[in-house]
Amino acid sequence: MNSYWRRFSMLLLLLTATWSLSQGQSALPRLNFTDMKLDNGLRVIIAPDHSAPVCAVSVTYNVGSRNEQPGRTGFAHLFEHMMFEGSENVGKGEHFILVENNGGDSNGTTNEDRTNYFEALPKNQLDLGLFLEADRMKSLVVNQANLDNQRNAVQEERRLSIDNEPYGKSELEIDNLAYDNFGYKHSTIGEMRDLDAASVEDVRNFFRIYYAPDNAVLTIVGDVDPDEAVQKVKRYFGSIASQPSPPPVDVSESQHYGERREAITDPLARLPMVLIAYHVPSGNTSDNYALQVLGAILGSGQSSRFYRHLVKDKELASDISVQTDARRGPSLMYVQATPRPGVKPEDLEAAIYEEIALLQKDRITETEIEKVRRQFLRAQINRRQSDLEVANRIGQSAVYFNEPNLINTVYDKYSSITTEQVMQVASKFLVQTGRTVLTTMPGVKSSEPTPSRN
């Protein structure tokens with residue numbers, strides 16, 4: 001029944017958004033929340049949602065692979081696993097068991113810019129979620145046995161998802177080739193040799209520095225009373241000591257003055273792949289929003305320019321997509337394409353540049369802009385279906401940009417992008433001097449990097 005009402009409320013929200021747009025009003029209803037800090041520096045954001053008797057607890061830590069040092073990579077991702085190994089009052093693996101036995105779900109994720117841990121629970125289990133998160137923030141068990149166990153788990157994950165996966169190494173190499181700054185240059189999952197070299201003392205220091213209340217945002221979304229929730233948060237988290245501020249991270253990237261190219265072979269790949277990355281501004285900027293619109297016009301769905309012209313009309317590619325990052329620092333727009341059998345990768349690559357040049361010369365249409373606005377609106381509505389999704393998004397926006405209200409303003413920022421802005425960023429950022437090209441070929445051993453294309 002709860003699932004039925006949730007779907008019904010989302011359908012109603014979609015209809016309301018469509019009507020609001022037709023009336024020139026804001027498309028999405030405002031999500032109200034409170035925003036405060038405890039004495040120990042923990043930022044607490046609470047957003048009531050009484051549409052279903054559930055709640056979500058999300059803790060977003062201001063730490064990701066950008067905070068790691070050469071020779072000590074993979075620590076943020078390692079803690080995604082270590083945080084479920086037990087704490088003072090919770091046994092090894094008991095975190096998952098307690099949540100699941102009480103009708104909930106829990107997990108954690110890591111990327112370059114943040115790490116988060118979360119639980120989705122029935123509303124009467126809010127205390128459980130807060131207790132579990134507070135206990136491991138205060139007293140995570142970091143010992144040799146747990147480190148060895150989870151180090152092995154992370155290394156096996158790397159083997160499965162990267163080393164033994166077609167194009168897995170390509171996905172890592174494109175960032176390594178595109179970036180000069182170590183913060184974004186190295187992989188989040190970490191290097192095998194660095195994980196092998198990690199000591200218990202290394203890991204304990206990393207936990208002490210970054211997994212502290214004053215380096216975290218706690219977000220609660222769901223069928224809760226804000227005043228009662230604040231008292232519960234103070235009860236569970238208020239006694240946890242703050243720590244000195246972590247060292248600042250500089251992820252700035254020096255200007256690039258030439259195209260970077262590399263060709264690799266992948267014995268697991270069945271077909272070649274062309275991967276192109278353009279340097280673009282950081283997330284939550286007008287240029288990045290304009291580039292997201294541009295990326296959708298070029299490569300989102302079967303009505304996009306790349307798909308219509310390169311997959312259907314010219315039959316040069318079997319698939320092609322565009323992804324525009326919105327990192328805290330310098331970001332990338334990725335174009336990934338697989339040539340059809342018999343098509344040379346360089347011919348497909350040349351056709352991609354021709355399409356970009358055509359767009360830069362012949363203006364996009366207002367119809368294309370409006371289409372991607374509607375796509376983005378639908379995506380925002382879909383994300384509102386889950387209290388957990390909302391909690392994670394608010395926490396991430398607070399850590400990334402100190403802007404938790406982005407959940408209310410992001411659609412307006414996106415939809416305000418004009419045709420002129422999209423044309424400007426297309427001409428400014430989709431240029432040869434700002435791109436990195438990685439070609440992957442089926443084979444048994446890597447080839448030498450190819451010279452820059454003139």
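Predicted model: local features only at pLDDT ≥ 70, side-chain atom pairs only at ≥ 80, totals over all residues.
Residues are numbered from 1 along each chain as its sequence is written, and side-chain values use heavy atoms, with hydrogens and water left out. Local features need pLDDT of at least 70 and side-chain atom pairs count only at pLDDT 80 or more, whereas totals for chains, interfaces and linings use all residues.

Helices (H or I, at least four residues) and strands (E, at least two) are DSSP runs, numbered from the N terminus. Two strands pair if DSSP finds at least two bridges between them. Six strands form an open sheet of mixed pairing, in the order β1-β2-β6-β3-β5-β4. Its edge strands are β1 (34-37) and β4 (105-110), each pairing on one side only. Neighbouring strands are turned by 15° against each other on average, direction ignored. Angles run from 0 to 180 degrees between N-to-C directions, and axes are lines fitted to C-alpha atoms, for helices over the stretch in contact. β1 runs antiparallel to β2 (residues 43-48), and four bridges join them. Asp35 stands opposite Ile45 in β2.

Helix α4 (residues 126-139) touches β3 (54-61), β5 (115-122) and β6 (216-222). Its direction makes about 155° with that of β5. Helix α10 (residues 226-237) lies across β1, β2 and β6, at about 150° to β2.

A second open sheet has five strands in the order β7-β11-β8-β10-β9, again with mixed pairing. β7 (260-266) and β9 stand at the edges with a single partner strand each, so one side of each is left without a neighbour in the sheet. The twist averages 15° from one strand to the next. β7 pairs with β11 (residues 435-442) in the parallel sense over seven bridges. The bridge partner of Arg261 in β11 is Val437.

Helix α6 packs on this sheet and touches β7, β8 (273-280), β10 and β11. The direction of α6 makes about 155° with that of β11. Helix α12 (residues 305-313) touches β9 and β10, and makes about 160° with β9.

α6 also meets α5. Their axes come within 7 Å and cross at roughly 90°. That makes α5 roughly perpendicular to α6 (angles of 65 to 115 degrees count as such). Arg158, Ser161, Ile162 and Asp163 in α5 meet Gly168, Lys169 and Leu172 in α6. By class, this contact has two nonpolar, two polar and three charged residues. Ala, Val, Leu, Ile, Met, Phe, Trp, Tyr, Cys and Pro count as nonpolar, Asp, Glu, Lys and Arg as charged, and the others, Gly among them, as polar.

The largest pocket has a volume of about 900 Å³. A pocket is an open set of points on a 1 Å grid over the protein atoms alone where a 1.4 Å probe fits, with protein on both sides within 12 Å along at least five of seven lines; lining residues have an atom within 4 Å of a point. The volume is the space filled by probe spheres set on the points. Its lining has 30 residues, with Gln292, Ala326, Phe376, Gln380 and Arg383 nearest the centre. α15 gives the largest share of this lining, seven residues. The lining has 13 nonpolar, twelve polar and five charged residues.

The second largest pocket holds about 730 Å³. Of its 30 lining residues, Glu112, Glu171, Asp175, Arg327 and Tyr334 are closest to the centre. Elements that each supply at least two lining residues include α5, α6, β9 and β10 (331-339). By class, the lining has eleven nonpolar, eleven polar and eight charged residues.

Definitions and conventions. Contact = heavy atoms within 4.5 Å. Parallel < 35°, antiparallel > 145°, perpendicular 65-115°, else oblique.
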